[in-house]
Amino acid sequence: MEINTRFTRRAIIVFTLVIVGIVGYNTYLFYNQLKDNERDKMQIFAKALQEMAETSTDELGTDQSPLIIEVIRSNTTTPLILYTHKGDSYDLSNIPEGAQLSRAEIERMVEQFKQTNSPIETRFEGEVLNTIYYGNAPIINKVKYYPLAILLVILLFVGFIYFFYQTTKSAEQNKLWAGMAKETAHQIGTPLSSLVGWTEILKSENTNPAYIAEIEKDIRRLQTITERFSKVGSKPNLEERDVVKETQLAYDYLKARTSKLINFQLDLPQKKIPVMLNEQLFGWTVENLVKNGIDAMKGKGTISIEISEQPKTVTIHITDTGKGIPKRDFKKIFTPGFTTKKRGWGLGLSLAKRIIEEYHEGNIRVLKSQIDSGTTMEIQLKRL
């Protein structure tokens with residue numbers, strides 16, 4: 001499947017390049033043909049001027065052939081500057097606002113035309129009478145940039161196809177992970193019910209209460225996990241909660257169950273900050289980010305949790321002193337299945353993104369990271 005996908009991508013790239021090459025080459029030929037036609041037209045225009053000079057008596061049009069006059073008047077598209085050497089004057093044709101141009105501006109335009117096309121001279125009895133400077137007709141300028149327009153359209157089309165493909169793929173992956181989460185919750189539910197029943201039996205058998213208490217803690221933990229997976233598989237209910245308190249609860253739970261080699265630092269506001277939360281899923285997200293940080297530090301280092309408030313939002317920063325994340329992977333780490341761990345599934349951060357952005361309408365991202373110095377993850381939620 002992967003080989004077919006690579007082949008398809010390469011085939012599309014090659015096909016696109018071939019199309020652009022064919023269009024570009026033919027446009028180049030068409031452009032040169034138009035330029036040649038334009039040159040021929042200017043040559044005819046110059047010959048008409050020369051013929052006019054040879055047959056002229058006193059004023060333009062006195063003894064002129066109607067054909068010569070028609071040739072001169074037929075140029076309605078090509079911008080042209082006619083320099084008359086005898087009178088040291090310029091006549092402009094097909095140049096917008098040409099009458100308002102100063103001589104210096106006209107001479108700058110002459111230099112531009114000389115760069116675009118070679119000037120054409122008209123002579124009479126060996127003397128240069130006129131020099132014709134001309135630019136490109138509007139149609140030639142349009143054709144000149146036509147390949148770029150075609151390339152841009154193709155790139156936009158390819159970009160749209162790629163975006164559509166990625167969006168569809170992401171939606172399918174989200175459905176798959178959500179379905180897996182819901183099925184996991186369902187599968188855990190059956191043995192969990194049995195464990196609750198066995199606990200009651202152990203109580204009736206006069207089992208050491210300390211043992212039963214520990215078992216009940218694990219059962220409650222499994223029930224929490226089951227509820228979390230169940231909620232990921234469907235739209236959860238959000239309630240008004242104090243984000244400071246919920247973060248504190250997640251912190252207390254993790255600190256009690258983490259190695260003493262991990263130094264926890266907590267910086268929370270001394271007041272309530274109400275937001276719309278699903279406390280179980282939010283706690284799960286914080287736990288995921290903290291556990292990722294602990295893994296990145298290989299079980300030894302400092303985890304910092306900080307909450308700051310803004311007028312409309314509240315921000316939670318979770319910082320570790322681990323190995324860091326390359327900048328190229330800042331967005332990839334939230335992709336389902338992406339992991340740098342040997343035994344990782346690549347689900348934790350993708351589920352965290354789904355929980356924060358889709359369910360809570362917030363934002364989660366890598367705020368900053370430096371190789372071998374640590375990472376700061378940021379969660380941003382709307383305040384009430």
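Guide: At 77% relative accessibility, Lys 298 counts as exposed (over 50% relative accessible area, with under 20% called buried and the range in between partly exposed, for a 1.4 Å probe and protein chains only). The model is predicted, so local features need pLDDT of at least 70 and side-chain atom pairs count only at pLDDT 80 or more, while totals for chains, interfaces and linings use all residues. Residues are numbered from 1 along each chain as its sequence is written, and side-chain values use heavy atoms, with hydrogens and water left out.

Lys 298 belongs to the loop between α8 (279-296) and β8 (301-309); helices (H or I, at least four residues) and strands (E, at least two) are DSSP runs, numbered from the N terminus. Its C-alpha lies 7.5 Å from that of Gly 322, although 24 residues separate Lys 298 and Gly 322 in sequence.

The axes of α8 and helix α9 (residues 348-359) come within 9 Å and cross at roughly 145°; axes here are lines fitted to C-alpha atoms, for helices over the stretch in contact, and angles run from 0 to 180 degrees between N-to-C directions. The crossing is left-handed, the term for a near helix turned anticlockwise from the far one by less than a right angle, with clockwise giving right-handed. Contact (heavy atoms within 4.5 Å) is made from α8 by Leu 281, Trp 284, Thr 285, Asn 288, Leu 289 and Asn 292. The α9 side of this contact consists of Gly 348, Leu 349, Leu 351, Ala 352, Ile 355, Ile 356 and Tyr 359.

Two strands pair if DSSP finds at least two bridges between them. β8 runs parallel to β6, with 6 bridges joining them, and antiparallel to strand β9 (residues 313-320), again with 6 bridges. Glu 306 of β8 stands opposite Asp 267, and Glu 306 also stands opposite His 317 in β9. The link from β8 to β9 is a hairpin through 3 residues.

Helix α7 contains Thr 247, which is buried with a relative accessible area of 0%. Beyond the neighbours within four places in sequence, Thr 247 touches Leu 268, Phe 282, Ile 305 and Ile 307.

β1 pairs with β2 over 5 antiparallel bridges and with β4 over 5 antiparallel bridges. Leu 80 has Ser 93 as its bridge partner in β2 and Tyr 134 as its bridge partner in β4. Of the 5 residues of β1, 4 are buried, so β1 is largely enclosed by the rest of the structure. In the hairpin of β1 and β2, with 4 residues between the strands, Asp 88 takes a positive phi near 50°. Further across, β3 is joined to β4 (residues 127-134) by 5 antiparallel bridges, and Glu 121 has Thr 131 of β4 as its partner.

The whole structure holds 2 aromatic pairs; rings of Phe, Tyr and Trp (its six-membered ring) pair if their centres lie within 6.5 Å, and planes under 30 degrees apart count as stacked, over 60 as edge-to-face and the rest as tilted. The Tyr 83 and Tyr 90 rings have centres 4.9 Å apart and planes at 40°, so this pair is tilted. Tyr 83 is buried, at 14% relative accessibility. The other pair, Tyr 251 and Phe 264, has ring centres 5.6 Å apart and planes at 85°, so it is edge-to-face. Tyr 251 lies in helix α7 (residues 243-256) and Phe 264 in strand β6 (residues 262-267), so the pair ties together parts that are 13 residues apart in sequence. Tyr 251 is buried at a relative accessible area of 8%, and Phe 264 is buried at 9% relative accessibility.
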